Amino acid sequence: MNESLQSVDIKDIMIAYQRIKDVVKRTPLQKDVILSDRYNCNVYLKREDLQDVRSFKIRGAYNFMQSLTKEELKRGVVCASAGNHAQGVAYSCQAMKVKGTIFMPATTPRQKVDRVAFFGGNYVDIILTGDTYDDASDESKAYCEKHGMTFVHPFDDYRTIVGQGTIGLEILEDMDEPISHVFMAVGGGGLISGVGSYIKEISPETQVVGVEPAGAASMQAALTENQVVKLDEVDKFVDGASVKQIGDLPFAIAKKVVDQFATIPEGKVCNTILDLYNENAIVAEPAGALPVTALDDFKDEIVGKNVVVIVSGGNNDIDRMQDIKERALIYQGLKHYFIVNFPQRAGALREFLTLVLGENDDITRFEYTKKNNRDRGPVLVGIELQDKKDYQPLIDRMHKHEFSYIELNKDEDLFHFLI
């Protein structure tokens, strides 16, 4: 191990590949015709969403647990995870007949919790606690120390990192042509530090691109300060990559092997999730769709090139699809929410419907904020436009007909409180 050197020896990645290959799937590297046509290049998707646990996390978890002594395995393992690492640990516990305790944020989608229980069976106990990964992590480490168990870190451990690095080995073995760019999501940094290390050692001319959600860009915050920092808050929507603090070891490694970073708005990721499903029949979770979204930011740079995108996971709860669609519409400028104060005159509601709303505008939500004095009280109104160009005419008509309003899309605190 090269942990003291803050680098990865690719021989360790090769050893890890041999260690995990009988349990972990060698996922396909598929050329995506639709994305290739859209960006005028050759786009290949590394389909880690096709693992049995539907994410790459099984690689690092299984490699880590395979490195433990018999005595350590007998005492059992503990992990904290927003879902995918938990599934990898649970799967490994059942495969190796090892007892595990798994801490997950209380905000984790039910689908992921159920899958952890399925893969772990009688070998795992699940404890839901806190709102974020960091909350669950703090409690899990205290539990681990109290009971003398081994903590399986999702990203900040050399054994986990080299396990994830096996993806890079498979990519380069499966590609016959030179690769210009490899795009992957960055959460805690285990994936990019492992894969990036292998890619840069074997194919140094390949650009390694890390992609973070705008609401949880902990790697880029660390790069700005040139040290690991903890974000005060994160947007939890891209749950597989919403980490307040990048790992110490991944940060040290990534500084050397990552060439570029991209920051992607959560709403834009939602567009990609829907496109992948509708156009490619790929069910990607937000973190899995995140690097695909980044292709748009690099469209001029990748023309005519061979690029690889790691679709890191496909654990997307169907209950989230309405929220995903909503976020996509808001990002596209097609969905707007207002608190409208109706003028104190008779027929104001009828005027709003006939004079303010455009011919193709659709009211999707109409809710009185006061149960008394409905005729003159403020109203929460959701309006979906057919074209984002219809927005300004709508605003102009509200002013013309003296309807005062607060636009919730532009007031983040009020928006999240009411919507």
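Biologist: How do you know that helix 8 and helix 9 cross, and at roughly what angle?

Modeller: In this predicted model, the axes of helix 8 (residues 158-174) and helix 9 come within 7 Å, and they cross at roughly 45°.

Biologist: Why are helix 8 and helix 9 called oblique to each other?

Modeller: Angles under 35 degrees would count as roughly parallel, and 65 to 115 as roughly perpendicular. The crossing here is roughly 45°, so helix 8 and helix 9 are oblique. Their crossing is right-handed.

Biologist: Which residues of helix 8 and helix 9 meet?

Modeller: From helix 8 come Ile 161, Gln 164, Gly 165, Ile 167, Gly 168, Leu 169 and Leu 172. Their partners in helix 9 are Gly 190, Leu 191, Ser 193, Gly 194, Val 195, Tyr 198, Ile 199 and Ile 202. Sorted by class, this contact of helix 8 with helix 9 has 9 nonpolar and 6 polar residues, with no charged ones.

Biologist: What makes helix 9 mostly covered?

Modeller: A residue is buried when its relative accessible area is under 20%, and 11 of the 13 residues of helix 9 are buried. Among them are Gly 190, Leu 191, Val 195, Tyr 198 and Lys 200.

Biologist: How do you know that the span of helix 9 agrees with its number of residues?

Modeller: At 1.5 Å a residue, the 13 residues of helix 9 (residues 190-202) should span 18 Å. The end C-alpha atoms of helix 9 are 19 Å apart, which agrees.

Biologist: Let's turn to another pair. Why are helix 3 and helix 5 called oblique?

Modeller: The axes of helix 3 (residues 57-66) and helix 5 (residues 84-96) come within 8 Å and cross at roughly 45°. Roughly parallel would need an angle under 35 degrees, and roughly perpendicular 65 to 115, so helix 3 and helix 5 are oblique to each other. The crossing of helix 3 and helix 5 is right-handed.

Biologist: What classes of residues make up the contact of helix 3 with helix 5?

Modeller: That contact divides into 9 nonpolar, 5 polar and 1 charged. Residues of helix 3 that take part include Lys 57, Ile 58 and Tyr 62, while those of helix 5 include Asn 84, His 85 and Met 96.

Note on methods
Residues numbered from 1 in each chain as written. Predicted model: local features only at pLDDT ≥ 70, side-chain atom pairs only at ≥ 80, totals over all residues. Heavy atoms only, no water. Helix = DSSP H or I, 4+ residues; strand = E, 2+ residues; numbered from the N terminus. Expected span 1.5 Å × (residues − 1). Buried < 20%, exposed > 50% of the residue type's maximum accessible area, 1.4 Å probe, protein only. Axes fitted to C-alpha atoms, helices over the stretch in contact; angles between N-to-C directions. Parallel < 35°, antiparallel > 145°, perpendicular 65-115°, else oblique. Left-handed = near helix turned anticlockwise from the far one by under 90°. Contact = heavy atoms within 4.5 Å. Nonpolar A, V, L, I, M, F, W, Y, C, P; charged D, E, K, R; others polar.
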